[in-house]
Amino acid sequence: MSIIEYEKAQKMGVKAYKAAVQKGRHPYLPVLDEIITENDIVKDVSLGVVRVPLSRIVGTSTRSRTYSFANNFMPILEPKTEFAYKWSALADAQMHEGIRDPIKVYEYLNYYYVIEGNKRVSVMRFFDALEIPAEVIRRIPKRTDEKENKIYFEFIDFNKVTGINDIWVSDEGNFQKLINAVFEAKSSFRKKHSDVLVAETPAAGTTSPYDDSANGNTGVLRAQNAAMTAGSAVSSGEVWTEDDTKDFMSAYYKFRECYEAKGGRKLENITTGDAFLAFLGIYDFYEAVEMSRDEMKKAIERTWEEYLTKNKNEVLDINLDPPTAGRKSILGQILTSSPSASKPLKVAFIYDRDPMTSDWLYTHELGRNHIKEVFGNKINTLKVMTAETEDEAVEAMDELIDKQKCEVIFTTTSRLVDASLKCAVKHPNVKILNCSLNTSHRYIRTYYARLYEAKFLSGMIAGALTETNKLGYLANYPIFGVTADINAFALGAMMVNPRATVSLKWTTLKEEEKRSELYREFFEDNVDYISDQDMITPKNASRRFGMYKLSAGEPENIAMPLYNWGVLYERIIKLIINDSWDDADSGNAAIPINYWWGFSSGVIDILLSNKLPYGVRRLVNAMKQEIIDGSFAVFKDRIVDQNGDERNEEGRLMPPEEIMTMDWLVQNVEGTIPVMESLKENAREIVELKGVLKNDEDTSGS
């Protein structure tokens, strides 16, 4: 009889018991009856016999056996007891034939509490088993507003779709993101291989082509079959197949083993499920499935800082002012060569479409031309204008790095952030920066401009000039930063004219040819000044840009907030040339860097019409200088939203993180933040990535 194993297990139990006592923690198993009451439960649902992960079995249903075990399920009773003999007999059974009789458990909030079979759980844990068969009764709680409760009900939906119960996440929405990661991989594979015949699906119960013994292209064939049968889009009702579950768990188990071996268990603020989701944000799902354990280990090592970032409460190092570009030391000048005509610094710009068709991208193209003039033949700039999808962007960047030997890459829209991250992990020696806000990835730096400062001044001008007290604002995507621009414009108008209101409309609710309807609505509502797109679109030139007076004829331009991206690009290039890139780092490997510069850096400005009255011009210039000096801040002191709720109190300077992520509108704005379903299809991708709206918001109207 395996009394020797019992003695080993008991030592483990006693050690855990003493450690818990020393730390002031409960040393025994948790008891479900002491955690919940019958009033907490809506109903019980039988799930039948399923394989339950031992890591999620945490306690007992009643107090009767709890004092026989330490909190790690190891026994603590003396060896010469009936309990010890029974435990040892089960250990013998496990070693010779395996424990096959299912235990019985309650499942509550994705944790399991044993009704029958505590010793079987203890023995299986001692032998480091991963799963045990169990008859499961799910105890469904009442719905509450608590985060854990909401995540649990998302888990129930995830479990229904996938059949997977061996994973947990710590943020709302992450379970759906895991499902989407698989569907997106299937959809992407289908698009790439739509001309290849569908392979036959392996029969149920056969060996997974992704286990350690798998060779050849069987995994690709299965992926292809799944992709072919998946349907069109993630949102079109795709079905999670049995093969999806096998592939997911194959990849997840490999990831978990390598991640925890690297030290993942020590990261307290993220679960292994959160880390796996972050991993799938860098590597394609099928790529993860087909990785060997050695490949997975190396991939986790390359992406380790990403998990450190997720684990940190401080998400971003927000750089509000340009860092100083120092000069190279004498030693640095000897060891490194500066860019020159014979060896220029190669800098690439990635656009997701032709800059001549986009006011946003055109401003970045002007920035590229600016640094060409400033640095001359010391740099060589390249541009790619066909990166419409993530795969195209990754392919373009790989070619720029491998063939063109580019050392710096700027990706100019937030939709390219995932592609930027994937390339940065593969090419750690290349400096990749993405133009987006509130992006928490350590491997890339992000940059943006505080345009809201210029929008505030634009609002002041409109508020001072309006004769109807009705102003208009045309916004595009409800993403990070845009809400701050809207609110700043409204606050500027209200500062000089308390009666001024701002009618908010969204261009992403209308097709391009119907955009004229928005102007007609403004005109009919007696709106006389409008804040529109910030720059002209070269191939579709129009006077409808900046802030202008609306009339039946041609608009009269009054002011134009603008981006000087060339100033930002110039400063960043100087950091690199002068070896100050690392000096601008926070020094903390877990904190990403986001450059977010405003008037004081010269990255934004505002152009004023000669028709602007002298007094208004003087006021605007004075306020601009106060913003530059730091003596005035747009989002300081008391701010009230549309519902009359105080969002910022008197004397308080709103921190950058709150300004970035505003999902509310100030009191004099008439309009709402649109729901996802109301947006044009091509706008949803960007909003899903960087949107401020909530899925359950009821924001009807324009």
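Biologist: At roughly what angle do the axes of helix α3 and helix α4 cross?

Modeller: Please keep in mind that this is a predicted model. Helix α3 covers residues 82-96 and helix α4 covers residues 118-126, and their axes come within 9 Å. The crossing of these axes is at roughly 55 degrees.

Biologist: Is α3 parallel or oblique to α4, and what is the handedness of the crossing?

Modeller: Angles under 35 degrees would count as roughly parallel and those from 65 to 115 as roughly perpendicular. The axes of α3 and α4 cross at roughly 55 degrees, and therefore α3 is oblique to α4. As for the handedness with which α3 passes α4, the crossing is right-handed.

Biologist: Which residues of α3 and α4 meet, and how do they divide by class?

Modeller: On the α3 side the residues are F83, K86, W87, L90, A91 and Q94, and they meet K119, R120, S122, V123, M124 and F126 in α4. By class, the contact of α3 with α4 divides into seven nonpolar, two polar and three charged residues.

Biologist: Which residues of α9 meet α8?

Modeller: From α8 the contact takes in F248, A251, Y252, F255, R256, Y259 and E260. The contact of α8 with α9 has eight nonpolar, two polar and two charged residues. The partners in α9 are T272, G273, A275, F276 and F279.

Biologist: How does α9 lie relative to α12, and which residues make the contact?

Modeller: The axes of α9 and helix α12, residues 304-311, come within 10 Å and cross at roughly 130 degrees, which means that α9 is oblique to α12. The crossing in which α9 passes α12 is right-handed. The contact is made by A275, A278 and F279 of α9 together with E306, Y307 and K310 of α12.

Biologist: Which element gives the most residues to the lining of the second largest pocket?

Modeller: About 1100 Å³ of space lies in the second largest pocket, and its lining comprises 30 residues, with S55, R256, E260, R265 and T272 lying nearest the centre. The elements giving two or more residues to this lining are α8, residues 242-262, and α9, residues 272-280. With six residues, the element that gives the most is α8.

Biologist: How many of the residues lining the second largest pocket are charged?

Modeller: The lining of the second largest pocket divides into 13 nonpolar and seven polar residues, and the charged residues number ten.

Biologist: Which residues line the largest cavity, and how much space lies in it?

Modeller: The count comes to one cavity of 30 Å³ or more. The lining of the largest cavity has five nonpolar, one polar and two charged residues, and these are Y448, A449, R450, L451, Y452, G481, D485 and W596. The space in the largest cavity is about 30 Å³.

Definitions and conventions
Residues are numbered from 1 along each chain as its sequence is written. This is a predicted model: local features need pLDDT of at least 70, side-chain atom pairs count only at pLDDT 80 or more; totals for chains, interfaces and linings use all residues. Side-chain values use heavy atoms; hydrogens and water are left out. On a 1 Å grid over the protein atoms alone, a cavity is a set of points where a 1.4 Å probe fits but cannot get out, and a pocket is an open set with protein on both sides within 12 Å along at least five of seven lines; lining residues have an atom within 4 Å of a point. Grid points are joined across faces, edges and corners, and a volume is the space filled by probe spheres set on the points. Helices (H or I, at least four residues) and strands (E, at least two) are DSSP runs, numbered from the N terminus. Ala, Val, Leu, Ile, Met, Phe, Trp, Tyr, Cys and Pro count as nonpolar, Asp, Glu, Lys and Arg as charged, and the others, Gly among them, as polar. Axes are lines fitted to C-alpha atoms, for helices over the stretch in contact, and angles run from 0 to 180 degrees between N-to-C directions. Angles under 35 degrees count as roughly parallel, over 145 as roughly antiparallel, 65 to 115 as roughly perpendicular and the rest as oblique. A crossing is left-handed if the near helix is turned anticlockwise from the far one by less than a right angle, and right-handed if clockwise. Contact means heavy atoms within 4.5 Å.
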